[in-house]
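This report describes a protein model for a reader who has not seen it before. Please look at the sequence and the structure first.

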Amino acid sequence: MKTNTLLSIVLFGLFNAVIFGAGLILALGISQSATGTAIGIVISALFSIVVSAYLALHYAPRLRAQYWRREGETPKAIWS
């Protein structure tokens, strides 16, 4: 698998957990009925999947080391 694909998979899980958790807290805190809660949870799940996929595909290429180096400069060790 390509590096971007692996980074996207990891980022998708992270983004999805955070966005779904925030949506779940919002859905459980706002609705007063069981039906409203169920609909809120479904909307939260669908929204988190769509937004997480977009964010993961957007941020994965930026996490690669080649985008953070300056042109013609060799990377320095962390401890130096």
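What share of the contacts in the protein with a separation of 6 or more comes from residues 24 or more positions apart? These residues account for 72% of such contacts, a contact being heavy atoms within 4.5 Å.

The model is predicted, so local features need pLDDT of at least 70 and side-chain atom pairs pLDDT 80 or more, while totals for chains, interfaces and linings use all residues. Residues are numbered from 1 along each chain as its sequence is written, and side-chain values use heavy atoms, with hydrogens and water left out.

**Overall make-up**

The protein has 2 helices and 0 strands. Helices (H or I, at least four residues) and strands (E, at least two) are DSSP runs, numbered from the N terminus. Of the 80 residues, 18% count as buried; buried means under 20% relative accessible area, exposed means over 50%, and partly exposed lies in between (1.4 Å probe, protein chains only). The accessible surface of the protein comes to about 6400 Å², and carbon and sulfur atoms hold 70% of it. Accessible areas come from the Shrake-Rupley method with a 1.4 Å probe, and for residues only the protein chains shown count as cover.

**The two helices**

The table sets out both helices; the expected span is 1.5 Å times one less than the number of residues.

| Helix | Number of residues | Reach, first C-alpha to last | Expected span |
|---|---|---|---|
| Helix 1 | 28 residues | 40 Å | 40 Å |
| Helix 2 | 26 residues | 37 Å | 38 Å |

In each case the reach is close to the expected span. Helix 1 covers residues 3-30, and helix 2 covers residues 34-59.

Which residues of helix 1 are buried? They are Ser 8, Leu 11, Asn 16, Ile 19, Gly 23 and Ala 27, and they pack against helix 2. In helix 2 the buried residues are Thr 37, Gly 40, Ser 44, Ser 48, Ser 52 and Ala 56, which pack against helix 1. An α-helix has 3.6 residues a turn, so residues three or four places apart point the same way.

**Contacts between the helices**

Ser 8, in helix 1, is buried with a relative accessible area of 12%. Leaving out residues up to four places away in sequence, Ser 8 touches Ala 56, Leu 57 and Ala 60. Leu 28 also lies in helix 1.

**The aromatic pair**

There is 1 aromatic pair in the structure. Rings of Phe, Tyr and Trp (its six-membered ring) pair if their centres lie within 6.5 Å; planes under 30 degrees apart count as stacked, over 60 as edge-to-face and the rest as tilted. The ring centres of Phe 15 and Tyr 59 are 5.9 Å apart and their planes stand at 45°, so this pair is tilted. Because Phe 15 is in helix 1 and Tyr 59 in helix 2, the pair ties together parts 44 residues apart in sequence. Phe 15 is partly exposed, at a relative accessible area of 23%, and Tyr 59 is partly exposed at 40%.
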